[in-house]
Amino acid sequence: QVQLVESGGGLVQAGGSLNLSCAASTTMYTFDTVAWYRQAPGKQLELVAQATSGGSTDYADSVKGRFTISTDDTKNTVLLQMVSLKPEDTAVYYCYADFWELSSYNTWGPGTRVTVSS
């Protein structure tokens, strides 16, 4: 019902910054919980950051103080600001969202690759 598309990935040097964006295909529904996950080569999927409509946020210990999750509700977009990037942040980053109006429904984006060179 709702598609998510991530953008903003790429290649960056260690210490650099990237801003990821995740756009929903419609503004008809309201974000409830949104999140960014990542999967590094040979590793399991990892929750990076999560935000709820109630205003709470949560971050993996490895990214606290460096990553910030936010939403632009007028555009139904989820953002992830990443600074002080490290080679270990290299992964495919996936956006997740569920919606107030759509009980038991959630959706994922196809992913965007982030590569941090040392």
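The structure is a predicted model, in which local features need pLDDT of at least 70 and side-chain atom pairs count only at pLDDT 80 or more, while totals for chains, interfaces and linings use all residues. Residues are numbered from 1 along each chain as its sequence is written, and side-chain values use heavy atoms, with hydrogens and water left out.

Side chains of opposite charge can pair when their charged atoms come close. Across the whole structure, the search returned four salt bridges, each defined as a side-chain nitrogen of Lys or Arg within 4 Å of a carboxyl oxygen of Asp or Glu. Strands here are DSSP runs (E, at least two residues), numbered from the N terminus.

Asp89 also meets Arg66 in a salt bridge, with 2.8 Å from N to O. This pair again links distant parts of the chain, as Arg66 sits in the loop between strand 6 (57-59) and strand 7 (67-72), 23 residues from Asp89. Through shared partners, salt bridges join Arg38, Glu46, Arg66 and Asp89 into one network.

How accessible are these side chains' residues? For relative accessible area, buried means under 20%, exposed over 50%, and partly exposed in between (1.4 Å probe, protein chains only). Asp89 counts as buried because its relative accessibility is 1%. Arg38 is likewise buried, at 6%, and Arg66 is buried at 9%.

Another salt bridge brings together the side chains of Lys64 and Asp61, at 3.1 Å from N to O. Here Lys64 is partly exposed, with 47% relative accessibility, and Asp61 is exposed, with 65%.

Turning to the backbone, most residues other than glycine have a negative phi. Asn76, although not a glycine, has a positive phi of about 50°. Asn76 is located in the loop between strand 7 and strand 8 and is buried, at 3% relative accessibility. Ser84 is not a glycine either, and its phi is positive at about 50°. This serine, Ser84, is in the loop between strand 8 and strand 9 and is partly exposed, with a relative accessible area of 40%.

Technical notes:
Helix = DSSP H or I, 4+ residues; strand = E, 2+ residues; numbered from the N terminus.
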